[in-house]
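Welcome, and thanks for taking a look at this one with us. Below is a short briefing to read alongside the structure.

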Amino acid sequence: MIDLFQTYWQSFLWTDGQQWSGVVVTLMLLIVATLGGFVLSIPLALGRVSSSRTLSGMIWLYTYTFRTTPLYVQLLIIYSGLYSLAFIQNTALLNSFFRDAYCCTLFAFVLNECAYMTEILVGSIRASSRGEVEAGRAFGLSATVLNFKVILPGALRRALPAYSNEVIFMLHGTTLAFTATVPDILKVARDVNAETYATFTTYGLASLLYLMISFCIIAGFNRAEKRWLRHLKPRVAKAAVEHSVLPIKEGSLV
């Protein structure tokens, strides 16, 4: 594995000599997909829990569709299927967008990630303390201020554990980018395997790279949870701790 990495380390990590590849492309796909999905999920989650049945139903239909169909099928539809439509081919902007492999891949990943993150945030919003909401209304806060100053901050904190799992799942989903000829880690591994026929070593190296990225993601979310979810940990009263430690008298047997 060391000899293989020494030969193809540039392709696996950042470039194949002609374009970006490997870890750099995988991280780019992951970061854009998660950040884009997260930003879009906030207004969609608020619309999902709103009193408007029409708006809530439309958002539910979107999230249900993208969460119940495979990401691979979504990528194929966006990358290959949409470009076959006449109005897309005849529109210059859409034509150039859907001809680009990176644009199609990122578009599919962002839509998929947004659907999952929306439902995660919806569940976290609905778990908000009724007392916090009533206190905000008692202070005369408007619905907008109440959402962005009281409900959303707490909901985002409570959603951190679920977000960490979703980011890991999205990292796994980036392996489908090779379908659109995007040179991520798996695409590089497939090309190296075609040259060397060292299947176990090649895919073992790719697995190791994914493992290292996952370790960094998990470590980052663990630090975030310790910082922002500290107030949710059970607290032991100081008096209870003092009473639980009994003084030992001299000459007594323990």
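## A tour of the model

Thr68 is partly exposed, with a relative accessible area of 48%. Please keep in mind throughout that this is a predicted model. Thr68 belongs to helix 3, which covers residues 53-68.

- The unreviewed UniProt entry lists residues 20-47, 68-88 and 200-221 under "transmembrane region".
- Residues 68-88 come out at 71% helix and 0% strand, with 26 Å between the end C-alpha atoms.
- UniProt also gives, again from an unreviewed entry, the feature "domain: ABC transmembrane type-1" at residues 23-218.
- Across residues 23-218 the chain is 83% helix and 0% strand, and the end C-alpha atoms are 17 Å apart.

**Salt bridges**

- How many salt bridges are there? The count comes to two.
- One of them joins Arg48 and Glu119, whose closest N and O atoms are 3.3 Å apart.
- This pair links distant parts of the chain, with Arg48 in helix 2 (residues 23-48) and Glu119 in helix 7 (residues 101-126), 71 residues apart.
- Arg48 counts as buried because its relative accessibility is 12%, and the cut-off for buried is under 20%.
- Asp191 and Lys187 also meet through their side chains in a salt bridge, at 3.0 Å from N to O.
- Both Asp191 and Lys187 sit in helix 11 (residues 185-196), where four residues, about one turn of the helix, separate them.
- Asp191 has 36% relative accessibility, so Asp191 counts as partly exposed.

**Surface patches**

- Which residues form the positive surface patch? Arg223, Lys226, Arg227 and Arg230 do.
- Arg230 is placed in the loop between helix 12 (199-228) and helix 13 (238-244).
- With a relative accessible area of 54%, Arg230 is exposed.
- A nonpolar surface patch of about 400 Å² is made by Met1, Leu208, Leu211 and Met212.
- Met1 is found in the segment before helix 1 (2-13).
- Is Met1 buried or partly exposed? Met1 is partly exposed, because its relative accessible area is 44%.

**Backbone points to look at**

- Thr181 has a phi near 60°, a positive value in a residue other than glycine.
- You will find Thr181 in the loop between helix 10 (160-173) and helix 11.
- Tyr197 is not a glycine either, yet Tyr197 has a positive phi of about 60°.
- The loop between helix 11 and helix 12 holds Tyr197.
- Tyr197 is exposed, since its relative accessible area is 71% and exposed means over 50%.

Conventions. Residues are numbered from 1 along each chain as its sequence is written. This is a predicted model: local features need pLDDT of at least 70, side-chain atom pairs count only at pLDDT 80 or more; totals for chains, interfaces and linings use all residues. Side-chain values use heavy atoms; hydrogens and water are left out. Patches are made of residues with over 30% relative accessible area and no salt bridge: like charges are joined within 9 Å, nonpolar side chains (Val, Leu, Ile, Met, Phe, Trp, Tyr) within 5 Å. Accessible areas come from the Shrake-Rupley method with a 1.4 Å probe; for residues, only the protein chains shown count as cover. A salt bridge is a side-chain nitrogen of Lys or Arg within 4 Å of a carboxyl oxygen of Asp or Glu. Lys and Arg count as positive and Asp and Glu as negative; His and the chain ends are not counted. The place of a charge is taken as NZ of Lys, CZ of Arg, CG of Asp or CD of Glu. Helices (H or I, at least four residues) and strands (E, at least two) are DSSP runs, numbered from the N terminus. Buried means under 20% relative accessible area, exposed over 50%, partly exposed in between (1.4 Å probe, protein chains only). UniProt positions are given in the numbering used here, feature names are shortened, and annotations may be inferred rather than shown by experiment.
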